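Here are a few friendly notes to read with the model open beside you.

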Amino acid sequence: MSDPFVVVGADAAGLSAASKFRREAPDREVIVFERGRWISYAYCGMPYFIEGRVERLSDLLSLSPSDVDERGIDLRRGHEVVAVDPDKKTVAVETADGDSFEQPYGDLLVATGGRASTGPFDVRGVDGAFTLHDMDAAAAIDAYVAEPDAYDPDRADVSAVDRERVERNAAMPAPERAAIVGGGYVGVETAEALSDRGLDVHLFQRSGHLLPPFGEAVGDRVEAELIAEGVTVHTGSPVEALVGDDRIEGVAFDGETLPVDMAVVGVGIEPNTALLDGTGAELGEGGAVLTDGHGRTSLPDVYAAGDCATAFHAVTGEPAWMPLGLTANRAGRAIGATVAGDPSPVGDIAGTAVVKAFDMEAGRVGLVEDAAAREAGFDPVRETVTAGSRSGYYPGAAPTDVTLVADRDSGRLIGGSIVGPDRAAIRIDTLATALEADMTVAEVERLDLAYAPPFSPVWDPVLVAAKVLNGTLAEE
């Protein structure tokens with residue numbers, strides 16, 4: 001067929017789009033090209049596999065190639081799309097066997113995701129140095145931290161795994177001390193995972209607090225939790241270099257070198273957009289592909305979704321790049337429907353995110369930091385309160401810190417964060433809903449949230465924070 005729906009990338013956005021399109025347009029061909037062997041896996045679950053909470057690598061797979069085939073999708077693994085010709089409406093494809101060809105498309109979705117950024121640190125060819133952004137890395141780290149005579153090869157039980165890499169790492173002496181470079185999501189979750197595997201873990205963060213997008217209140221409590229669990233936290237301490245030639249030997253910082261026999265670099269990700277070089281496609285924040293409310297790019301009949309694409313921010317109304325799992329799945333599904341003839345918006349994003357550090361939970365949404373709020377044209381006013389997670393007399397009640405940020409002039413809620421050990425993370429959904437509805441702090445204060453002693457006090461911590469912030473706004 002001359003007008004197939006061609007999808008580049010077989011993970012969250014790509015297969016969500018292909019699956020929805022196949023259901024809505026069963027008479028039209030859909031082809032999915034994937035340059036690697038892995039498809040449809042849970043990136044966010046990899047730290048928990050390394051920790052041992054997830055028993056098998058296969059538990060992180062959502063779809064197998066046979067599942068995709070049963071849906072009537074033409075999945076071609078080992079096929080890398082290296083270029084797009086928007087005038088001819090073709091993509092150039094190179095196969096793992098060394099062949100190449102051109103594939104025509106009627107509509108094209110670029111769902112190429114992102115890649116781990118290593119900053120100035122080159123982990124390639126250095127044993128014991130890793131990034132954690134794909135399943136092969138997760139399998140290799142899991143094998144590396146195990147004692148050679150205790151490693152269970154059945155944990156890496158997927159045929160797509162790089163078996164040679166796993167076996168090589170499993171044969172090495174188990175590490176005793178690990179350095180984690182970067183105190184974001186990956187860094188914090190990996191710190192817990194490696195600590196639970198028995199390693200002496202040092203976590204390095206360039207700025208003054210962990211989890212910068214969550215704000216200082218969250219960063220401080222997460223840091224305290226990590227320290228209480230035995231992790232050494234170095235904030236305001238940028239790592240200058242990884243030390244070691246064949247195998248990692250240390251990390252250099254603050255004029256000294258800490259000896260380590262393992263390092264995990266988690267300093268961010270970058271969008272994969274090289275296949276669009278020379279096409280004239282407009283790029284946005286972070287170098288991601290700029291898209292409209294339906295996932296369309298500036299090129300005709302070309303869409304983009306997932307970690308390589310922008311979306312509109314629910315608070316600012318401007319394009320933003322926030323690579324998160326729900327964003328990719330939701331946008332892919334919407335684009336699949338649109339291409340099939342049912343125009344569907346991909347939805348706004350607010351950066352809603354949660355993270356766990358041992359027994360501490362944290363969530364964030366919207367514009368949490370004052371600098372970001374001012375840059376977006378708001379005059380931010382904030383309050384942080386501490387309130388109980390349940391009725392004080394009920395077992396399990398714990399301090400919950402809630403930070404709310406509002407615009408001084410309008411009273412509109414523009415961001416917030418929550419942290420605590422007792423179901424704090426899930427409470428962020430209340431704030432996310434309020435942001436999507438453009439609610440003021442006064443309107444949030446009047447929300448009829450549920451009350452029962454095992455679940456929440458009469459005044460939920462979110463309501464307490466709204467009441468305090470609303471009072472502050474009224475005084476100004």
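1. The largest nonpolar core has 55 residues, and L57, L194, V222, L226 and M262 touch the most other members. Such a core is a set of buried Ala, Val, Leu, Ile, Met, Phe, Trp, Tyr and Cys residues joined through side-chain atoms within 4.5 Å, where buried means under 20% relative accessible area with a 1.4 Å probe, protein chains only. Helix α4 (residues 135-144) gives this core its largest share, eight residues. A second, separate core of 32 residues includes A314, V365, A434 and V462.

2. This is a predicted model, in which local features need pLDDT of at least 70 and side-chain atom pairs count only at pLDDT 80 or more, while totals for chains, interfaces and linings use all residues. Residues are numbered from 1 along each chain as its sequence is written, and side-chain values use heavy atoms, with hydrogens and water left out.

3. What does L57 touch, leaving aside its neighbours within four places in sequence? Its contacts (heavy atoms within 4.5 Å) include W38, F49, M135 and A139, and also R155 and D157.

4. Strands β5 (residues 90-95) and β6 (residues 100-104) are antiparallel partners over five bridges; pairing takes at least two DSSP bridges, and strands are DSSP E runs of at least two residues, helices H or I runs of at least four, numbered from the N terminus. V93 has F101 as its bridge partner in β6. Four residues lie between the two strands of this hairpin, and G98 in the turn has a positive phi of about 95°.

Note on methods
Buried < 20%, exposed > 50% of the residue type's maximum accessible area, 1.4 Å probe, protein only.
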